[in-house]
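Subject: Structure handover

Hi,

Here is the structure for your files. My notes on what turned up follow below it.

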Amino acid sequence: HSGNVLVGHGPGDLCAIDVVDLHKVRVGHPLGEVRRAANLAQWLHSLAATVGPGGRLRSLRAYLGADASPEAVRAGWARLGRHLAWRERRRLRSRSRRCVEESLEFTREVGAGTGWRRHDLAPDLLERALAHHDRVLAARGREVLKDGEKHRVTHDGTVVVKEALAPTLRRRLELALPGRARAGYENAHRLRVRGVEAARPLAFVHRDGRRFTLYEDLSRLPRLDRRVREATLAREWSRAVRRERFDAFADAVSRLHRRGIWCGDLKAPNWLVEERGRRTRFH
């Protein structure tokens, strides 16, 4: 894959290309069609993060040689489609698990208790956010976003802390399941892996019988239902702008479904609106 290829500079328009990470190299008979296709699909899939389909198609054309006809290139691309789709599914599964595995991005070191934390959320910031959560709840401060039967949510401008509560026996049994207790934390990561705008999950902590999930603070962005009501009452949006906003939101939901994502709480209050001129993004 492209991470194992190093490109040197010069002289002139020439460059040296070196291959690294060689523990999986095998030397022997010429490759058959199956192994060639699998190896080539691995290479082309690794380029997806840096080049579009056109760049990968040029790589395939170069691989097949200058004498390859357009029909041969198209046929080769079609044959590789199944391999590329399989590799993408495997990549998504692997990346989705990273938030509950010791990795370059996440760690299980959360201080007291158990859970997971992003490396870029320093332990002292984690402790400060949890202490701030308890403090503003006790004072009923403005930083309290929600104080309900099932959840208590606070924020400090950079971190949102969501505490899951268990007021009933059924709720306690639900939260006893690890997958249920940290579902929001894992799902936020899974959505971001699939290219969906969502708050970054920062940590999940189970401590002293309490369960906390920490997210990136997006409270600067208005909720979809409130933004539409505000813009309508103030006559801020023309009919054309309002139609553009509605079409953009419908497209955001369509992208979810095209990626195979089902949301069991798909309602306007759970979407945040980010407006950049005439461009609108939905989180």
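To start at the helix α1: its buried residues pack against α2 (53–64) and α3 (70–97). Contact here means heavy atoms within 4.5 Å. Buried means under 20% relative accessible area, exposed means over 50%, and partly exposed lies in between (1.4 Å probe, protein chains only). Helices (H or I, at least four residues) and strands (E, at least two) are DSSP runs, numbered from the N terminus.

Before going further, the ground rules. This is a predicted model, where local features need pLDDT of at least 70, side-chain atom pairs count only at pLDDT 80 or more, and totals for chains, interfaces and linings use all residues. Residues are numbered from 1 along each chain as its sequence is written, and side-chain values use heavy atoms, with hydrogens and water left out.

Back to α1. Its buried residues are Leu-40, Ala-41, Leu-44, His-45 and Ser-46. The helix covers residues 33–46, which is 14 residues. At 1.5 Å a residue they should span 20 Å, and the end C-alpha atoms are 20 Å apart, which agrees. The expected span is 1.5 Å times one less than the number of residues.

Next, the cores. A nonpolar core is a set of buried Ala, Val, Leu, Ile, Met, Phe, Trp, Tyr and Cys residues joined through side-chain atoms within 4.5 Å. The largest one has twelve residues: Val-110, Leu-121, Leu-126, Ala-129, Leu-130, Val-159, Val-161, Leu-202, Ala-203, Val-205, Phe-212 and Leu-214. At least two residues of this core come from each of α4 (123–139), β7 (159–164), β8 (201–207) and β9 (210–216). A second, separate core holds nine residues, including Leu-224, Leu-256, Ile-261 and Phe-282.

Ala-203 belongs to the largest core. Leaving out residues up to four places away in sequence, Ala-203 touches Trp-116, Arg-117, Leu-121, Leu-126, Tyr-185, Phe-212, Thr-213 and Leu-214.

Now the charges. The whole structure has 23 salt bridges. The criterion is a side-chain nitrogen of Lys or Arg within 4 Å of a carboxyl oxygen of Asp or Glu.

- Arg-207 bridges to Glu-127, with the closest N and O atoms 3.0 Å apart. Arg-207 lies in strand β8 and Glu-127 in helix α4, so the pair ties together parts that are 80 residues apart in sequence. Arg-207 is buried at 12% relative accessible area, while Glu-127 is partly exposed at 34%.
- Glu-163 and Arg-210 meet at 2.8 Å, N to O, in a salt bridge. This pair links strand β7 to strand β9, 47 residues apart. Glu-163 is buried at 2%, and Arg-210 is partly exposed at 25%.
- Arg-182 and Glu-186 form a salt bridge at 2.5 Å, N to O. Arg-182 is partly exposed at 21%, whereas Glu-186 is buried at 18%.
- Arg-227, Glu-230, Glu-236, Arg-245 and Glu-275 are linked in a salt-bridge network.

What does the side chain of His-133 join through a polar contact? The partner is the side chain of Glu-163, at 2.9 Å. A polar contact is a pair of N or O atoms within 3.5 Å; within protein, one must be able to donate a hydrogen and the other to accept it, and residues adjacent in sequence count only if both atoms are side-chain atoms. His-133 sits in helix α4 and is buried, at 0% relative accessibility. Beyond four places in sequence, His-133 touches Arg-152, Thr-154, Val-161, Glu-163, Arg-210 and Phe-212.

Best wishes
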